[in-house]
Amino acid sequence: MQISVTEAKGQLTDLVRRAEAGDDIILTRHGHAAVRLVPVKPVADAKSRKALLDTVRASAATKATTGPDAARSQDFLYGEDGLPG
């Protein structure tokens, strides 16, 4: 929905409610889009952020596996005599 800033002045409460409900509200000035009304996303509290980080860390720790030793990772390219195979 697009509405001019002048018209929006009298309907601000309704426009805010519509934006909170998910409607796309764009305020125009002289026929050009100027501002978009969007709802503010709630910020997670410290406790929930810590819980999320702990979950991610635990998941990463279980998925981590040791791979081949980098110093020996290309040994398959060489034969018993040490020459390229």
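Modeller: Let's begin with R18 and D23, whose side chains meet in a salt bridge, with N and O 3.1 Å apart. By salt bridge I mean a side-chain nitrogen of Lys or Arg within 4 Å of a carboxyl oxygen of Asp or Glu. Bear in mind that this is a predicted model: local features need pLDDT of at least 70, side-chain atom pairs count only at pLDDT 80 or more, and totals for chains, interfaces and linings use all residues. Residues are numbered from 1 along each chain as its sequence is written, and side-chain values use heavy atoms, with hydrogens and water left out.

How open are the two partners? R18 has 30% relative accessibility, so it counts as partly exposed, and D23 is also partly exposed, at 34%. The labels work like this: buried is under 20% relative accessible area, exposed is over 50%, and partly exposed is in between (1.4 Å probe, protein chains only).

By the salt-bridge rule the count comes to 4. Among them is the pair D54 and K50, with the closest N and O atoms 2.9 Å apart. Both sit in helix α3 (residues 46-63), 4 residues apart, which is about one turn of the helix. Helices (H or I, at least four residues) and strands (E, at least two) are DSSP runs, numbered from the N terminus. D54 has another partner in R57, where the closest N and O atoms are 3.8 Å apart. R57 and D54 are 3 residues apart in α3, again about one turn. Put together, K50, D54 and R57 are linked in a network of salt bridges. D54 is partly exposed, at 33%, while R57 is exposed, at 55%.

Now for the sheet. It is an open one of 3 strands in the order β1-β2-β3, and the pairing is mixed. Its edge strands are β1 (2-4) and β3, each pairing on one side only. From one strand to the next, the twist averages 35°. Helix α2 (residues 12-20) packs on this sheet and touches β1, β2 and β3, its direction making about 135° with that of β2. Such angles run from 0 to 180 degrees between N-to-C directions, with axes as lines fitted to C-alpha atoms, for helices over the stretch in contact.

Zooming in on the pairing, β2 and β3 (residues 32-37) run antiparallel and are joined by 5 bridges; two strands count as paired if DSSP finds at least two bridges between them. I25 stands opposite L37 in β3, and R29 stands opposite H32 in β3. The two strands form a hairpin with 2 residues between them, and H30 in the turn has a positive phi of about 55°.

T28 is buried, with a relative accessible area of 10%. Setting aside neighbours within four places in sequence, T28 is in contact (heavy atoms within 4.5 Å) with Q2, I3, S4, V5, A33 and A34.
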